[in-house]
Structures are given as C-alpha cells and as structure tokens.
Amino acid sequence: MNEAAKNISPARAHITLSDITMAYGDFIIQRDLSFDINHEDIFIIMGGSGCGKSTLLKHLIGLMAPAKGDIDYDGINFWKSTPEEQDKLKHRFGVLFQSGALWSSQTLAENVALSIVEYTDLNTKQISEVVSYKLALVGLAGYEDFYPSEISGGMQKRAGLARAMALDPEILFFDEPSAGLDPISARRLDELILELRDSLKTTVVVVTHELASIFDIGNNSVFLDGETKTMIATGDPNKLRTDCPDEKVREFLNRGKI
Amino acid sequence: MLNVIELSSHASIKLDLAGLPEGVRRLLVLATAVPQVKDTGRKQGSKNKLEKIGEDALDFMRGAPAALHFLGEATLALVQFFKGKAQYRKSDLFLILQDVGPSALPIVTLISFLVGLILAYMGAVQLQQFGAQIFIADLVGIGMVREMAGLMTGIIMAGRSGAAFAAQLGTMQVNEEIDALKTLGISPMEYLVLPRMLALIMMVPLLTLYGSIVGMIAGMVIAVSAFDVTVFEYYNQTIRALDMRQVFVGLSKATVYGVLIAYSGCLRGMQCGRSASAVGEATTSAVVTSIVLIVLAASILTIVFQALGI
C-alpha cells in the first residue's frame, strides 16, 4: 500500500512554511505553523472541521497573504516576491477546488485549454490534442463540448482535475478531492494521484478527511487543531495512527476508536 | 435541561442524571460532547439606534479604500488594453457587446419614445398659449440630445447590464471561479471586468444617439398630430436648434455613465459574499450605486459644461 510511496531519494523541501500565522483581521485561525513539504511528497493537511485547512491551502496557492511568517518554494519567498515573480511561481501550481470551480460559461475543453492558450505557444490543433489527452486521463474522453452545468458533480471534479493538470505542474493542490465521489471513483482518484507522483514526480498537497485516502496515499502530513489553533503533529499518517503522543490525533486517525 | 447543566457546572454542583429516561440522557450527552466555541470572532451588532447609524457610516467609509483600489486596477487594465497586452477572450467581448448593445434596443426604443412624447406634450401645452408650438422641436431636440436620452439610457443600462454584471461576477465569486482564475495568474480585472467596461463605453453612447433620434421622432408625432406643425417645419426647426455642442455634451455624458455603470456592476460583483443572498445584495447594490453615481455625474458635468460655455 504505502510501500510504493517510500522515497528513494533523500527528502528535499519543496515548500517550507516558517512561523506562519493565519488570521482574518484580528481573528486568528492558526498560529506558529512551521513544517516542510518535500519534493514528491503526497502531503495531507488534516484536522477537525473548521480548523483552517482550506485557509492554509489558500495561503499556499497565493490567494491569501499570511498575517505573519514566510512561505518558500524551493527557496524563493513567495510573499516577499514581486507580482511578476509570484505569477511565475503560480504557473508551477495546479489547483483542484472543492467543487471543481469550472468556468460555467465555457465548455470543458475551453476550461482545460485556458492556461495552455495563455501560457504556451502551441497551435490550436496541438492544444486540442493536449486537452483531449488530459480529459481522457480523468475518464472524461468525449465530453469536450459539454458545459459544466450539463455534467454531474463528480464529473465536474474530474474536469477540474484535468484543468489543474493542464500545464503539467510541479505541485498539485487538492481541496477535499473525494468529497462527493463514490468509493470506486475515490479509489481511482487516489490511484491517479499516486501515478502522477510516481511518473511525473509531482508533489501533491491534499486537504482531506477521508481516512482511507490518507493512509493509502499520504506519506507526510500536518494535523491542525482548532482548539489550540496550532499544529499538533506532523509526519507519516500511518505512523501517527499508532505512535503519535497526542491523543486527539490518534483518535482522529482511528475514527474515534483508540 | 442544557441550562441546568451549564448552571450547575459553573457553580461546581454535581448533577445526577440517573432519574431521567435513557433516551433523554443520551441526547444530553451528545449535546454537551463538543464544547461551546467561546470566540467565533463575530462582532455583536449594537442595539442603540444612534450607534447603529454611526457604525453604518463607518462601514461606508471603510468601503472607500476598496472602491478606490478597484478604480485604480480598472484603469490599469484599460492601459494594458491600449498597449495590446490585456489577457481577455475576444469572443467574450463580442458576446457581451451583443448583450449590452443590440439586445437593449427594444427597451431603449420604448422608453426614449415615451420620454420624447412626454416632453413634447407637456411643453406643447404651455407653448400653445403663446402660439409658439414650433418650439416643441427645440424643446424635444435639445432636451433629448443634451440630457434626457443619456440619463434614461443610463438608468436602463444600470438596471439591465449593471445588475447582470454584478450577478455574473457575484455567482462566479460564490463558485470560486474567480479564485481559480487568480491561481492561474490570470488577472480577473483584465479577463472579466475589462470586456464589460469596454462594452458599456462603446454601447451607451451609441444607444443614447439612437434614443435621441427616437425621442425626436416621438416629438414630431405629437407636434404633427395634435399641434398643427408640419413634418417639414418640425424637421427644419430641429436642425436649426441642434448643433455639435449639444451632441458633444450628450455623448460625453453618456460615455461617463457607461464607465460608471460598468464600474459599479463589476465592483459589487467582485465584492460579493459567498452565498445566494449575497448575490442578491450585490445586484441591488450595483443598480443603486450606478444610479447614484450617474446622478452625481450628471450634476457635476452640467455645471462643468455650463462653466465652459458649451
């Protein structure tokens, strides 16, 4: 299961968070977050509902600035860079939002093609080939000309994933990817994530509470606590399940039965 | 029961629940399992009327920096457009142009015709007392071209397009579609707001011109049918009354209104909260803001043109 996820190369930090505090105005959501997301990790951000997982994701993808602290990508400090440098960094991410967030006035093909059109020099025919390939990867071959409102929620999510992968990003971010998917689709998504990491060496960051996925694919993690408003554990979720000193973490990972 | 539990825990009195039925006991255990959140960060609104007015005023002032920021970004996006470097889809621009322009012709025709009729009829009743019915042509011509066509078209477009833009952008905000654009490094100002602004800047003056003509035709209908003016007389008098200055004033006002409507609609859309009711609020606010700004602009421009002697 997780044996295939063991890194052969030594861990190098891809994203480093130092002393991050996240706040909306005066209301602090989380403080003192310091951890590394290594290259080719499948990194799980977990915690109780409302503890700030999706907010942390927003900080990592450049949508929200931290109240305090630094986020470095391969050594480049994101929030201290110029907007142009930030844009260049953003091209190395792909994001799958919780409900897909497809642009509702464009077809699936147009959705996937947008970043390719804006940021590469491929001609129309090449773009349409790439788009068909990405849609086929997520099991949506043939749905190129459908609008998001014409397909189911699960299919919208998969289309969102195809869009996130359009530029073959170095880092993929997933916000609750298995929410709303049936167990088989959730498993197929897990397998796709593992494949992306193994063949394309993509680093993957996942916000989720789906325990099956966390144990199947996660090899590193951080646990955010809503009460103390800070991180209380980090590391391989399989080891945390049995060995973590903090009872809250073990309770979470064993679905309440310790 | 929950109140009793809370009271007893505060007073450190031990509570024995054994006397309650099993089902009630289990529900109480469930209800007290997750401790109550003490600081949700939500401020309590004040009950005092005077305080509330003060707070509303402060909220309004706090909105000002955001509005100015938006104005600045919109201007930057326009600059990028003129440099030819703006990131937007031409097909989007054409679709919006069609929605904003030709699709609005029926309602602009209707209202301009009505306004022309009203101006003509009310003016004629007074002018007739002096045998000066021919001046209906001047009244309607200058009235429509200089002021009324622009104002009416502006208000129509505020309701039609200002609301539409706020609703579209607001819904996109709710669905995280705008966040998705941002994470791709695409500026929502250039991709979404710019085409809408360009469309209104192009279409409102054209619709105003069209509305003026329709209004003058309505005036002619009244003058010819009820006040003994011939078509030829009306036409001639109109030509004599109008000159390029009136047209210039009317069209510049119309352009300004177009900018203001696009600004209000897009601003409220982008500021939209993340729920369905927020989209409704954004739409309402867009229309109200547009109309207030249009009226302000009309007053200021009237004074300016008066001072310039145009």
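Biologist: Let's begin with a helix on a sheet. Helix H5 of chain A lies across which strands?

Modeller: Helices (H or I, at least four residues) and strands (E, at least two) are DSSP runs, numbered from the N terminus. Here H5 (residues 153-164) of chain A lies across S6 and strand S7 (171-175) of chain A, and runs at about 175 degrees to S6(A). Angles go from 0 to 180 degrees between N-to-C directions, with axes fitted to C-alpha atoms, for helices over the stretch in contact. Contact between two residues needs C-beta atoms, placed from the backbone, within 7 Å.

Biologist: What should I keep in mind about the model itself?

Modeller: It is a predicted model, where local features need pLDDT of at least 70 and side-chain atom pairs count only at pLDDT 80 or more, while totals for chains, interfaces and linings use all residues. Residues are numbered from 1 along each chain as its sequence is written, and chains are lettered from A and ligands numbered from 1 in the order in which they are written.

Biologist: Now the whole chain. How many helices and strands has chain A?

Modeller: Nine helices and 10 strands. For 258 residues, a compact globule would have a radius of gyration near 18 Å, and chain A agrees, with 18 Å. That radius is taken over C-alpha atoms, and the globule rule is 2.2 Å times the number of residues to the power 0.38.

Biologist: And how much of chain A counts as buried?

Modeller: 40% of its 258 residues. A residue is buried with 20 or more other C-beta atoms (placed from the backbone) within 10 Å of its own, exposed with 12 or fewer, and partly exposed in between. As for contacts in chain A between residues at least 6 apart in sequence, 65% join residues at least 24 apart.

Biologist: In what order do the strands of the six-stranded open sheet come?

Modeller: In chain A the order is S6-S7-S8-S3-S9-S10, with mixed pairing. Two strands pair if DSSP finds at least two bridges between them. Strand S6 (93-96) and strand S10 (230-234) of chain A are the edges, each pairing on one side only. From one strand to the next, the twist averages 20 degrees. Look inside the sheet: strand S3 (residues 42-47) and strand S9 (residues 220-225) of chain A run parallel and are joined by five bridges. Ile45(A) has Val222(A) as its bridge partner in S9(A).

Biologist: What is the pairing in the open sheet of four strands?

Modeller: Antiparallel, with the order S2-S1-S4-S5 in chain A. Its edge strands are S2 (27-38) and S5 (76-77) of chain A. Packed on this sheet is helix H1 (residues 53-60) of chain A, which touches strand S1 (13-24), S2 and S4 of chain A and makes about 120 degrees with the direction of S1(A). Two bridges link S4 (residues 68-73) of chain A to S5(A); Tyr73(A) has Ile76(A) as its partner there.

Biologist: Which residues of helix H3 of chain A are buried?

Modeller: In H3 (residues 108-119) of chain A they include Leu108(A), Asn111(A), Val112(A) and Leu114(A). The cover over the buried residues of H3(A) includes helix H4 (124-137) and H5 of chain A.

Biologist: How do I describe two packed helices?

Modeller: By the angle between their axes and the distance between the axes. Take H6 (residues 136-174) and H8 (residues 188-226) of chain B: they pack at about 145 degrees, with axes 7 Å apart. Their contact divides into 17 nonpolar residues, 10 polar and one charged. Here Ala, Val, Leu, Ile, Met, Phe, Trp, Tyr, Cys and Pro count as nonpolar, Asp, Glu, Lys and Arg as charged, and the others, Gly among them, as polar.

Biologist: How many residues of chain B are in contact with chain A?

Modeller: 12 residues of chain B, in contact with 16 residues of chain A. The chain B side divides into three nonpolar, five polar and four charged.

Biologist: Last one: why is Glu176(B) buried?

Modeller: Because 22 other C-beta atoms lie within 10 Å of Glu176(B). Glu176(B) sits in the loop between H6 and helix H7 (177-183) of chain B, and has a positive phi of about 65 degrees although it is not a glycine. Compare Asp168(A), in the loop between H5 and S7 of chain A: its phi is positive too, near 50 degrees, but Asp168(A) is partly exposed, with 13 other C-beta atoms within 10 Å.
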